[in-house]
Amino acid sequence: MTIMLERGARQGGRSGTLPRLLAGGRRLGEHRATYGQIPLRRFTGEDGRRMLVRAITDAGLRGRGGAGFPTGRKMASVAAGAKRPVVIANGCESEPASRKDKMLMACAPHLVLDGAVLAAHAVGADRVYLCLERGTSIADRLERELAQRDDPVKIKLVRVPRRYVSSEESALVHLINDGDGRPMAAPPRPFEKGVGGRPTLVDNVETLAHVALIAAYGPDWFREVGTRADPGSTLVTIGGAVARPNVYEIAPGMRIGEVLEAAGGAVEPIGSVLVGGYFGTWVPMPDGWGLPLTHDRTGPLGTSLGAGGIVALPAESCGLAETARVVRYLAEESAQQCGPCMFGLPAIATDLAAVAYGRCDPATRQRLMRRIEQVKGRGACRHPDGATKLATSALTTFAADLETHMDGWTCTGVSRDPILPLPSRQQRDRSWK
Amino acid sequence: MTAPNAEGLRLQVDMIKCVGHASCFELLPERVKLDEWGYPIIETDPLPTNLVAHARRAVAACPTLALRVDGKVARQR
């Protein structure tokens, strides 16, 4: 399959000229020809650092790894720490419904690396850890590209176990510090005390690519696209029953329907759309067509872009069965450290499977609801929160289907091939080292 | 109901350290319930003044040192 990044559609909000992130080039020479040298000279000295953090803050850039936290504010906190900070560039992308980071790093590796160097400069860090999933061709490619560069900070490549929770920020810190890729309890959060006890800026690789662009073109240019609260372009991975499933660069504020049309439109009637990957929400269609997609929670279910994984589910598929499958996967991906996650997620997955495959009674349904409420928010990391959020949105959005399943009828959707992607056994590591 | 303590002290648990001995539930049922797997569900709003000493006793009794009483909020959601 050829990797081609499509132009984002121009509907919805201000959209300026897209794409921004992928205009560059895969090789260093091409990249420099398009973007020029890293604009470090514009930001020399202490004043320069502060100017750079202010530019990122004024641009209103928000993290593209899922949480959507304001990047400038995070940089300011890290820079204010007592010790010399460290930067982690997070390119793990363990989310199966997303491949925008892999696409970005394949198409514009040096934009990401420039961004990492600039972020390190902004917070006064002397080293960058570039975290990538191990055993992937992208890690090897980035290693080769790194060797071509001569950067003022040390960039070290870290190969991370291919496990869903190992890309969580405290898990990356844990892996670098102790060789254990499991999340840790907070506080302290990495921005206070991370790698080697130093304040650590953990940013997603797409966020860092935007940092490079803001440093080069300024906050006003950045804000020409997107909404006031969620400016700039953003990468999304659109999958499921659309004509051209792929990674797209869109402007936040675009409506779900417009985003699907950018991917060639539906190839069969769509019943619902999963937005925000496997920690996301199911949006019913066609009712949700007009819902604007941003990094803020919108709509009755609190839908947000998260890390930008979007999957269109055909009306003929069963959303409950799809969710049961994914929640089972998420339960297996638990780090098995916190009781509620270790025992609660498998129990919820089993109840959901019962609901989906028609062995459900009102008592099971009640127990499922109770378990979801009990498990939510009780892990050291947000893994149980994300998994229960997905389960809750399925029970809400597919409430009518649920009634049918409760009556002992199973819909024909359960026998269809699954739509939501999951990694194969070979793509999943067992170890945390 | 007693007023919350002035320092904003809360009872909090490190779920990674907790293995479900449930001594906190024994000592402070006012603030701790157990889920169906025996792990504590803790009321994390600031403790009422009259429970601060009891909470500290529960902290001292936790076999895995998973409990703490402090004013820092572990996670914001």
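Me: Where in chain A does Pro188(A) lie?
Reply: Helices (H or I, at least four residues) and strands (E, at least two) are DSSP runs, numbered from the N terminus. On that basis, Pro188(A) lies in the loop between H7 and E4 of chain A.

Me: What kind of model is this, and which pLDDT is needed for local features?
Reply: Residues are numbered from 1 along each chain as its sequence is written, while chains are lettered from A and ligands numbered from 1 in the order in which they are written. This is a predicted model in which totals for chains, interfaces and linings use all residues, side-chain atom pairs count only at pLDDT 80 or more, and local features need pLDDT of at least 70.

Me: What is the omega of the peptide bond from Pro187(A) to Pro188(A)?
Reply: Most peptide bonds are trans. Pro187(A) belongs to the loop between helix H7 (169–178) and strand E4 (200–204) of chain A, and its bond with Ala186(A) is cis, at an omega of about -5°. The bond from Pro187(A) to Pro188(A) is also cis, with omega near 0°.

Me: Is Glu93(A) buried or exposed?
Reply: Glu93(A) sits in the loop between strand E1 (86–91) and helix H4 (100–107) of chain A, and its phi is positive, about 45°, although it is not a glycine. A residue is buried if 20 or more other C-beta atoms lie within 10 Å of its own, exposed if 12 or fewer, and partly exposed in between, with C-beta atoms placed from the backbone. Because 27 other C-beta atoms lie within 10 Å, Glu93(A) is buried.

Me: Does Leu65(B) count as buried or exposed?
Reply: Leu65(B), in the loop between helix H2 (52–61) and strand E4 (67–70) of chain B, has a positive phi near 55°. Since it has 11 C-beta neighbours inside 10 Å, Leu65(B) counts as exposed.

Me: Which residue is the bridge partner of Ala89(A) in E4(A)?
Reply: Five of the five residues of E4(A) are buried, so this strand is largely enclosed by the rest of the structure. E1(A) and E4(A) pair in the parallel sense over five bridges, pairing being counted if DSSP finds at least two bridges between two strands. The partner of Ala89(A) in E4(A) is Asp203(A).

Me: How many residues does chain A give to the contact with chain B?
Reply: Two residues are in contact if their C-beta atoms, placed from the backbone, lie within 7 Å. By this criterion, chain B gives 13 residues and chain A gives 13 residues.
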